[in-house]
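Please look over the sequence and model shown here.

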Amino acid sequence: MSQDPIPQDLGRRAYAAYGEVTGGRTHDGRAMPPWEELGEEIQAAWTVAASTIFQAGVDSSAHGGGR
């Protein structure tokens, strides 16, 4: 069984979605910096979090756990 590739831009997309919901503000009310200014560590954290959730959805669908 082949596994779907994880999109490379998941972290960026998740960060953008967070910004849409929060009006472009961080958890403490400051303006969110652009993705390019986050630094590698924070970009990696967003990417790992988003990739983990993406993979959970793939795994769930593969095992009949979808809605």
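## Helices and aromatic pairs

The protein has two helices and zero strands; helices are DSSP runs of H or I with at least four residues, strands are runs of E with at least two, and both are numbered from the N terminus. This is a predicted model, in which local features need pLDDT of at least 70, side-chain atom pairs count only at pLDDT 80 or more, and totals for chains, interfaces and linings use all residues. Residues are numbered from 1 along each chain as its sequence is written, and side-chain values use heavy atoms, with hydrogens and water left out.

Of the 67 residues in the protein, 19% are buried. Buried means under 20% relative accessible area, exposed means over 50%, and partly exposed lies in between (1.4 Å probe, protein chains only).

Helix H1 covers residues 10-22, 13 residues in total, and spans 18 Å from its first C-alpha to its last, close to the 18 Å expected at 1.5 Å a residue. The expected span is 1.5 Å times one less than the number of residues. The buried residues of H1 include Leu10 and Tyr15. After H1 comes Gly23, with a positive phi near 70 degrees.

The structure holds three aromatic pairs. Rings of Phe, Tyr and Trp (its six-membered ring) pair if their centres lie within 6.5 Å; planes under 30 degrees apart count as stacked, over 60 as edge-to-face and the rest as tilted. Two of the pairs are listed here.

| Pair | Ring centres | Plane angle | Class |
|---|---|---|---|
| Tyr15 and Trp46 | 5.3 Å | 80 degrees | edge-to-face |
| Tyr18 and Trp46 | 5.6 Å | 65 degrees | edge-to-face |

Because Tyr18 lies in helix H1 and Trp46 in helix H2, their pair ties together parts that are 28 residues apart in sequence. Tyr15 counts as buried, at 10% relative accessibility. Trp46 is partly exposed at 24%, and Tyr18 is partly exposed at 30%. Tyr15, Tyr18, Trp35 and Trp46 form one aromatic cluster.

Gln43 lies in helix H2, residues 40-62. Is Gln43 buried or exposed? Gln43 counts as buried because its relative accessibility is 19%. A polar atom of the Gln43 side chain lies 2.7 Å from the backbone oxygen of Trp35. Neighbours within four places in sequence aside, Gln43 is in contact with Trp35, Glu36 and Leu38, where contact means heavy atoms within 4.5 Å.

Notes: Polar contact = N/O pair within 3.5 Å; in protein donor to acceptor, adjacent residues only side chain to side chain.
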